[in-house]
Amino acid sequence: MQPIQAPFPATRFRRSRARAATRALTRETTLTADDLIWPVFLRDGEGVEEEVPSMPGVFRRSVDRVVEAAAEAHALGIPAICLFPYTDPDRKTKDCAEAWNPENLSNRATRAIKAEVPGIAVMTDVALDPYNIDGHDGFVHAGRVVNDETVEALVRQALSQAEAGADIIGPSDMMDGRIGALRDALEAEGHHDVMLMSYAAKYASAFYGPFRDAVGASGALKGDKKTYQMDPGNSDEALRLVTRDLSEGADAVMVKPGMPYLDICRRVKDGFGAPTFAYQVSGEYAMIEAAARNGWVDGERVMLESLLAFKRAGCDGILTYFAPRAARALREG
Ligand code: PBG
């Protein structure tokens, strides 16, 4: 489509920008609380809220506190909350069995939230890293992250999450073949309505640093995740991964990190028209928050502008640690 434009002065772009009312009328994209998924960190205990040092303003919460947080998010109109457990180092093993323990932190929190705040969708994370003594998303055999054995474990993990009541399952592990295996297992066990939001285009990124502190994986991780996460130089590969995951039964796809990868969001949305999400990851949060706390940028405006950019790039929604603050700011106008 080629927009028709009369020459100046018949066309003056500043006409529609001249007043707030016409700026609002001509705005192409908007951000609402409906667009937000709030990732939260869990920890053991009761009445605990402990700040993550590299993510000021973000807390690890005990189950009772995360239920309160979910109620608050629901009241703000946020549709979904995404759970990430901090696992005590002594619970981490080579076989990652805690990942499918029905009583693990993530499953206990899911049940508690679904009991108290049924209206908010609970999203859970499928990957072995919080439970793995090696810190990787998959099993490490002889120094290699093995694919097929890991997928079997991911299936057990996802089924335990679906049993606990998860509405959306988010495989963030980047193993090959996991979407098909998860979909088959969920169907076979009668979990027909559990959504799979695939972390389809997940890059091997330095922007995950603060998250690994938050879930206690930084200490355990040896080496990097480049043999399973994407190379930041690749773009066509993202489309091939999205094709693969949609054809294996993903209901929605995700691009991660977010802001440095908006070109990927746009290609994915244009290429498939599928529900497309981006994850504004921990390092992105930390950069904005650090600059804001230093008085170097207006934190609230930068937060909202960064989130609107995802919508403009074609995303249907954003996972963001700013979710409750953004929802509140949007409500207050
Ligand atoms: C791991 C996982 C990571 C994030 C979500 N799930 C980190 C990683 O891949 O090392 C990162 C989220 C963030 O940085 O906010 N399965």
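Cys96 sits in the loop that runs between β4 (80-85) and α4 (105-116), where helices (H or I, at least four residues) and strands (E, at least two) are DSSP runs, numbered from the N terminus. This is a predicted model, in which local features need pLDDT of at least 70, side-chain atom pairs count only at pLDDT 80 or more, and totals for chains, interfaces and linings use all residues. Residues are numbered from 1 along each chain as its sequence is written, and side-chain values use heavy atoms, with hydrogens and water left out.

Though not a glycine, Cys96 has a positive phi, near 55°. Cys96 is buried, at a relative accessible area of 0% (buried means under 20%, exposed over 50%, partly exposed in between, with a 1.4 Å probe and protein chains only). Ala142, in the loop between β6 (140-141) and β7 (144-145), also has a positive phi, of about 50°, but Ala142 is exposed, at 87%.

Then there are the cis peptide bonds. One joins Phe8 and Pro9, with omega about 10°, and Pro9 belongs to the segment before α1 (14-17). Another runs from Lys256 to Pro257, with omega near -10°; Pro257 is in the loop between β10 (252-256) and α9 (262-272).

Beyond its neighbours within four places in sequence, Phe41 is in contact (heavy atoms within 4.5 Å) with residues including Val52, Phe84, Phe211 and Tyr321.
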